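Hello,

Here is the structure I promised to pass on to you. Please open it alongside this email, and then read my notes below.

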Amino acid sequence: MEPRFDLYANDVAGKFNKRLVTAARVVDESTLPKATQELVKIRSSQINGCGMCLDMHTKDAAHAGESAVRLAMVAAWRESTVFTEAERAALALTDEGTRLADNGRGISEDTWAAVRKNYDDDQIGALISLIATINAWNRLNVIAGLAGGEYVPGQW
């Protein structure tokens, strides 16, 4: 599958991508658990149908020691017992934050209360920023037609 557009060969898109990578470092360096970060990236990528991001983040999570069962269950996290209360709150926020227009009200009060219960302000700031960032990456890759399957953990 050939991409529609080469985001990395284009000067404008390339500059934008570099800035997005730099912005994401703040989240990477935060106290939001790394496992939670990968679960959020995987869930958003599932919702948005981003094969490139799914390829990258499932491989990175597995490389970091995430179990195959938990990776397989992300798509059905609500019907699963393998995620902590905090991870479930992050996944609920990811679902609602990725599908903002679907329920007509954005983030539910129940989801927000669960996030508040499980994370401190810095972690919430990181979680919100992460959801926004992975949604941006998903949209860039899907619009440009970038496919998954070739990523090697640690490649980028």
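**Salt bridges and cores**

Arg-70 is buried, with 14% relative accessible area (buried means under 20%, exposed over 50%, and partly exposed in between, using a 1.4 Å probe and protein chains only). Before going further, please note that this is a predicted model, in which local features need pLDDT of at least 70 and side-chain atom pairs count only at pLDDT 80 or more, while totals for chains, interfaces and linings use all residues. Residues are numbered from 1 along each chain as its sequence is written, and side-chain values use heavy atoms, leaving out hydrogens and water.

Which residue does Arg-70 meet in a salt bridge? The partner is Glu-87, at 2.7 Å from N to O (a salt bridge is a side-chain nitrogen of Lys or Arg within 4 Å of a carboxyl oxygen of Asp or Glu). This pair links distant parts of the chain, 17 residues apart: Arg-70 sits in helix α4 (residues 68-73) and Glu-87 in helix α5 (residues 85-98). Helices here are DSSP runs of H or I with at least four residues, numbered from the N terminus. Glu-87 is buried too, at 9% relative accessibility.

The structure holds ten salt bridges. In another of them, Arg-78 pairs with Asp-95, with 3.8 Å between the closest N and O atoms. Here Arg-78 lies in the loop between α4 and α5, and Asp-95 in helix α5, 17 residues apart. Arg-78 is partly exposed at 47%, whereas Asp-95 is buried at 6%.

Asp-102 and Arg-99 also form a salt bridge, at 3.8 Å from N to O. Asp-102 is exposed, with 61% relative accessible area, and Arg-99 is partly exposed, with 34%. Shared partners also join Arg-43, Arg-78 and Asp-95 into one network of salt bridges.

Now to the nonpolar side chains. The largest nonpolar core has 14 residues, and Leu-32, Val-40, Val-115, Tyr-119 and Leu-127 have the most contacts inside it. Such a core is a set of buried Ala, Val, Leu, Ile, Met, Phe, Trp, Tyr and Cys residues joined through side-chain atoms within 4.5 Å. Helices α5 and α7 (121-144) each give two or more residues to this core, and α7 provides its largest share, five residues. Apart from this core lies another, of ten residues, including Leu-7, Leu-20, Ile-134 and Leu-146.

Best wishes
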